[in-house]
Amino acid sequence: VMTTNFKLLQADRDDSVGFYLRGDSNLDHDYRVDIYGNKTYSIRKEYLDTNKYPQVEFLADPTPTSALHPVGEQNTLTIWMQGAKMSVMVNGINVKTVTDSSYTAGQIALFVQNSMTSSGVQASFSSVSIYKLPPPDPDQ
């Protein structure tokens with residue numbers, strides 16, 4: 001379980017902030033949960049194809065949610081990952097759960113991403129927490 005409190009201080013609709021999850025050291029294979037400046041989120045899987053070209057597969061396309069507060073206001077992003085299941089919570093509301101077994105371990109990082117159309121993105125993080133979940137109950 002990973003949780004962060006953040007504010008997008010300056011962002012256009014395509015700028016994003018979020019978590020890089022279960023990534024490799026080359027940033028070639030990972031999951032990314034993006035929160036965009038226009039109150040949308042997405043979940044992406046990144047990988048290299050057979051020719052070593054970067055590819056992106058959306059596990060959740062960019063989706064608007066009323067759970068997100070606008071630019072300038074604090075949001076809380078929580079990601080639960082257990083096995084192949086990933087749940088994304090925004091301000092205490094579960095907005096999406098996906099299942100993908102491609103990556104089972106790896107690095108975790110926060111990111112702020114400036115889009116090609118942006119005049120600049122700024123974000124602040126006020127806390128980050130990471131907790132290990134207990135193993136699932138085999139009887140459930």
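This is a predicted model: local features need pLDDT of at least 70, side-chain atom pairs count only at pLDDT 80 or more; totals for chains, interfaces and linings use all residues.
A cavity is a set of points on a 1 Å grid over the protein atoms alone where a 1.4 Å probe fits but cannot get out, and lining residues have an atom within 4 Å of a point. Volume is the space filled by probe spheres set on the points, which are joined across faces, edges and corners.

Local features need pLDDT of at least 70 and side-chain atom pairs pLDDT 80 or more, while totals for chains, interfaces and linings use all residues. Numbering starts from 1 along each chain as its sequence is written, and side-chain values use heavy atoms, without hydrogens and water.

**Largest cavity**
- The lining consists of F6, L8, I35, Y36, G37, K39, H69, P70, V71, E73 and N75.
- Strands β1 (2–10) and β3 (30–36) are the elements that give two or more residues to this lining (strands are DSSP E runs of at least two residues, numbered from the N terminus).

**Largest pocket**
- The largest pocket (an open set with protein on both sides within 12 Å along at least five of seven lines) has a volume of about 260 Å³.
- Among its 13 lining residues, V1, R22, M81, I108 and Y131 are the closest to the centre.

**Residue T78**
- T78 sits in strand β6 (residues 74–82).
- T78 is buried, at 12% relative accessible area (buried means under 20%, with a 1.4 Å probe and protein chains only).
- The side chains of T78 and T3 make a polar contact at 3.1 Å (N or O atoms within 3.5 Å, one able to donate a hydrogen and the other to accept it; residues adjacent in sequence count only if both atoms are side-chain atoms).

Methods
Helices (H or I, at least four residues) and strands (E, at least two) are DSSP runs, numbered from the N terminus. Buried means under 20% relative accessible area, exposed over 50%, partly exposed in between (1.4 Å probe, protein chains only).
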